[in-house]
Amino acid sequence: MTSKALEICYDFPFFFKEELEEIFQAHEKRSFQKGDFILEEGKTANEYYILESGLARSYVNDFNGNEVTTHFFTENEVIIEVLSMFQRIPSQENIVCITDCECLRLDYDTFQELFHKIPNLREWGRSWMSQELFAYKQRSVEMFTLSATKRYLNLLEQKPKVIQFAPLKQIASYLGVTDTSLSRIRKEIVSHPKKI
């Protein structure tokens, strides 16, 4: 199996061709419809997915029972709840499809088998994990150091499909603002683009 999404996700300079072929072959196609859960809170993640097409998000329920979006997954990204999968504990997050999604699935046992068999997969995993850690750290700092408008513009630049397809409420919770504030920010950007 070859796929642009697999090639992008496993783009690592040290893989041998035969190693990549084995990793790619271990994935299986899986389709989800809009609103389908990829992972539900309280369940343990037993796989991860490479997103070929579509848009998904992860969210938690806060202490008042409100949904707070923690991440958006766009094409060619890994959909995973790392803590649940690798610590083998129930997830605190939900992962749900915002649109219909086409994915490539790799189950936990197969991943473990390949992980121990292919040293370069371990190196890829370390590299991927450090990039993700950096991105999460940067996002947490930006929540305090950037204005809501700048955070919105960053999201628009980095993940335009989120702005296109995700409901306003989900984007607002991800940015840490109210729906009303986000509506105002969007109006300001449209009416005064040079001021931003």
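Tutor: Axes are lines fitted to C-alpha atoms, for helices over the stretch in contact, and angles run from 0 to 180 degrees between N-to-C directions. This is a predicted model, where local features need pLDDT of at least 70 and side-chain atom pairs count only at pLDDT 80 or more, while totals for chains, interfaces and linings use all residues. Residues are numbered from 1 along each chain as its sequence is written, and side-chain values use heavy atoms, with hydrogens and water left out.

Student: How are α8 and α9 arranged relative to each other?

Tutor: Helices (H or I, at least four residues) and strands (E, at least two) are DSSP runs, numbered from the N terminus. Helix α8 covers residues 168–175 and helix α9 residues 179–191, and they pack with axes 9 Å apart at an angle of about 95°. So α8 and α9 are roughly perpendicular to each other.

Student: Which residues in α9 do the α8 residues meet?

Tutor: Contact means heavy atoms within 4.5 Å. On the α8 side we have Leu168, Lys169, Ile171, Ala172 and Leu175, and in α9 they meet Asp179, Leu182, Ser183 and Arg186.

Student: Is Gln170 buried or exposed?

Tutor: Gln170 lies in helix α8, and it touches Arg57, Thr69, Phe72 and Ile98, not counting residues up to four places away in sequence. The cut-offs are: buried under 20% relative accessible area, exposed over 50%, partly exposed in between (1.4 Å probe, protein chains only). With a relative accessible area of 16%, Gln170 is buried.

Student: How do α4 and α5 lie relative to each other?

Tutor: Helix α4 (residues 108–117) and helix α5 (residues 119–145) have axes that come within 5 Å and cross at roughly 110°. That makes α4, relative to α5, roughly perpendicular.

Student: And which α5 residues make that contact?

Tutor: From α4, the contact uses Phe111, Leu114, Phe115, His116 and Lys117. Their partners in α5 are Pro119, Leu121 and Arg122.

Student: How far apart are the end C-alpha atoms of α5?

Tutor: The expected span of a helix is 1.5 Å times one less than its number of residues. For the 27 residues of α5 that should give 39 Å, and the actual distance between its end C-alpha atoms agrees: 39 Å.

Student: Which residues in α5 are buried?

Tutor: What covers them includes α1 (4–9), α2 (17–25), β3 (47–53), β6 (78–79), α3 (82–87) and α4. The buried residues in α5 are Asn120, Leu121, Trp124, Gly125 and Trp128.

Student: Which side chain meets Lys117 in a salt bridge?

Tutor: Side chains of opposite charge can pair when their charged atoms come close. A salt bridge is a side-chain nitrogen of Lys or Arg within 4 Å of a carboxyl oxygen of Asp or Glu. Lys117 counts as exposed at 51% relative accessibility, and at 2.5 Å, N to O, its partner is Glu22.

Student: Where does Glu52, the partner of Lys29, lie?

Tutor: In the salt bridge between Lys29 and Glu52, the closest N and O atoms are 2.7 Å apart. The pair ties together parts that are 23 residues apart in sequence, since Lys29 lies in strand β1 (residues 28–32) and Glu52 in strand β3.

Student: How many salt bridges does the count come to?

Tutor: Another one is between Glu40 and Lys43, at 3.5 Å, N to O. By the rule above, the count comes to 11 salt bridges.

Key
Angles under 35 degrees count as roughly parallel, over 145 as roughly antiparallel, 65 to 115 as roughly perpendicular and the rest as oblique.
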